[in-house]
Amino acid sequence: MSRINVSRLPIDPGPAAWNALLPDAAPAQSVDGNETADWIIIGAGFAGLAAARRLSQLCPTDRIVVLEAKRVAEGPAGRNSGFMIDLPHDLSSADYGGALDHDISLTADNRHAIDFASEMARDFGLGPDAFVRSGKINAAATEKGCRHNREYAGHLSAMGEAHEMLDADAMADMTGTRYYQSGLYTAGTAIIQPAAFVRGVARGLVSNRVQIFENSPVTTLERNGNWTATTPSGSVTAPKVILAVNGHLNSFGFMENQLMHVFTYASMTRVLTAQEAATLGGHAIWGVTPADPMGSTVRRIQTAQGPRIVVRNRFTYDPTMEVGEQRIRSVGRDHDAAFKARFGMLDGVEMEYRWGGRLCLSRNNVSVVREVDTGLYAACCQNGLGTTRGTLSGILAAELATNTPSDRLSRALDADPPSVLPPPFLTKIGAKAVLKWQERKAGLEL
Ligand SMILES: Cc1cc2nc3c(=O)[nH]c(=O)nc-3n(C[C@H](O)[C@H](O)[C@H](O)COP(=O)(O)OP(=O)(O)OC[C@H]3O[C@@H](n4cnc5c(N)ncnc54)[C@H](O)[C@@H]3O)c2cc1C
């Protein structure tokens with residue numbers, strides 16, 4: 001018999017702005033009493049929803065239950081910048097790239113995940129406001145950023161990947177600001193409104209017989225023949241469980257001292273007036289990721305209320321997986337500085353929402369897709385690219401749990417486990433120092 005007492009439940013700092021822009025969701029349904037199912041999935045982010053979808057394809061008559069601690073889209077899955085990237089995106093590399101062979105197979109796997117997300121978007125009737133395959137631009141504001149772009153372009157050429165360099169005029173035409181010196185365009189990325197996407201997928205799954213219980217944090221998980229997941233309002237028992245909780249895998253007692261917990265942060269402006277939008281100029285909708293991984297991601301979005309700008313930057317190492325409001329305020333000053341540097345013409349446009357969210361990284365940039373106990377599977381550690389890698393982990397965990405072989409699954413199973421970290425106090429000092437140094441080096445890309 002195994003018994004797991006969950007040591008920590010997720011805490012998400014600041015409002016989930018993307019979700020707040022949408023009409024209210026239908027009231028949540030929580031676990032009520034003791035239920036049975038064929039499958040339990042814990043966590044309704046990208047990994048959990050993809051696992052539910054893949055299981056519903058592989059075992060169409062099985063009862064699949066998803067247990068989510070919060071409302072769908074209130075957690076990191078609804079808090080991100082929405083770049084579902086196909087290409088290598090190693091945040092610890094100077095230009096996102098890694099070893100060539102590895103990056104080629106990683107890109108193929110990422111594309112499989114994006115195709116899978118695209119099929120869900122199509123089958124569940126999501127529009128381009130929720131999911132669109134628009135490609136992405138790595139924007140460079142400095143000569144060093146331009147160099148990163150050139151180096152990354154060289155890596156893409158070696159991988160046989162098409163790409164296009166944009167000059168400062170092309171960047172200004174798109175963004176309305178002359179802040180950027182160059183851009184590197186690649187076509188394979190999808191851009192999502194994260195909350196609209198995950199809510200739409202969750203709705204689609206529910207209409208395909210998947211049961212999603214929200215506000216249902218799992219506090220214990222116990223195996224006595226079958227697994228029983230207990231929540232404050234009841235329990236669900238099933239033979240097999242998929243843990244899709246990203247860094248909270250540690251809270252279930254797995255991979256201790258192998259996962260790094262990092263927060264990143266974003267701010268979203270109020271709606272721009274027609275006058276402000278005209279003053280800014282540029283395209284109505286655009287988004288750029290930074291040429292330097294430590295720089296700022298910026299999107300101009302069109303919402304039901306009108307245009308807004310979203311800025312994401314800063315990474316902080318927080319092994320407790322919690323940050324306070326004070327952190328949101330202090331990082332907000334970096335968002336304001338990044339916004340002012342780029343959009344000086346929008347003086348007086350203030351931020352309406354500020355928030356943060358968890359990432360989970362491993363030192364060797366691997367995810368955890370494996371059976372961690374009998375009948376208990378993990379789809380965790382997405383290394384900052386959870387929209388894509390979370391989707392992939394969820395698909396693969398469902399395939400592993402149903403004995404559905406594929407080359408992709410073999411690759412995942414052959415991967416090394418996350419490297420063991422140095423003792424916690426050393427990791428904390430080291431990670432903080434490295435992040436600070438890299439952010440300082442990012443300079444005007446921030
Ligand atoms: C500001 C910001 C910008 C980002 N930008 C991007 C981007 O552009 N592209 C990209 O790919 N990634 C981005 N990310 C990262 C991305 O959001 C995450 O990597 C992704 O959400 C991870 O997906 P997941 O399904 O593995 O985990 P999550 O989305 O974290 O989902 C796990 C779920 O498990 C639930 N859970 C945890 N414990 C329990 C429990 N005990 N019981 C029940 N439920 C539980 C949580 O509430 C959560 O909803 C960004 C993140 C942030 C914060």
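Visitor: Buried is under 20% relative accessible area, exposed is over 50%, and partly exposed lies in between (1.4 Å probe, protein chains only). Where does Asp115 fall?

Guide: Asp115 is partly exposed, at a relative accessible area of 35%. This is a predicted model, in which local features need pLDDT of at least 70 and side-chain atom pairs pLDDT 80 or more, while totals for chains, interfaces and linings use all residues. Residues are numbered from 1 along each chain as its sequence is written, and side-chain values use heavy atoms, without hydrogens or water.

Visitor: What does Asp115 pair with in a salt bridge?

Guide: With Arg133, at 2.8 Å from N to O; a salt bridge is a side-chain nitrogen of Lys or Arg within 4 Å of a carboxyl oxygen of Asp or Glu. Asp115 is in helix 3 and Arg133 in the loop between strand 6 (131-132) and strand 7 (136-140), so the bridge ties together parts 18 residues apart in sequence. Helices (H or I, at least four residues) and strands (E, at least two) are DSSP runs numbered from the N terminus. Arg133 is partly exposed, at 40%.

Visitor: And what does Asp109 bridge to?

Guide: Arg411, with N and O 2.7 Å apart. Asp109 sits in helix 3 (residues 100-123) and Arg411 in helix 10 (residues 407-414), so this bridge ties together parts 302 residues apart in sequence. Asp109 is buried at 9% relative accessibility, whereas Arg411 is partly exposed at 35%.

Visitor: How many salt bridges in total?

Guide: The count is 23. Among them, Asp318 and Arg327 come to 3.1 Å between their closest N and O atoms. Asp318 is buried, at 7%, and Arg327 is partly exposed, at 24%.

Visitor: Different topic. How many helices and strands are there?

Guide: The protein chain has 11 helices and 22 strands. Its radius of gyration is 21 Å against 22 Å from the globule rule for 446 residues, so the chain is as compact as a globular protein of that length. The radius is taken over C-alpha atoms, and the rule is 2.2 Å times the number of residues to the power 0.38. Those C-alpha atoms fill a box of roughly 65 × 45 × 40 Å along the principal axes.

Visitor: What share of the residues is buried?

Guide: 59% of the 446. In helix 9 (residues 386-401), 15 of the 16 residues are buried, so the rest of the structure largely encloses that helix.

Visitor: What follows helix 9?

Guide: Asn403, with a positive phi near 55 degrees.
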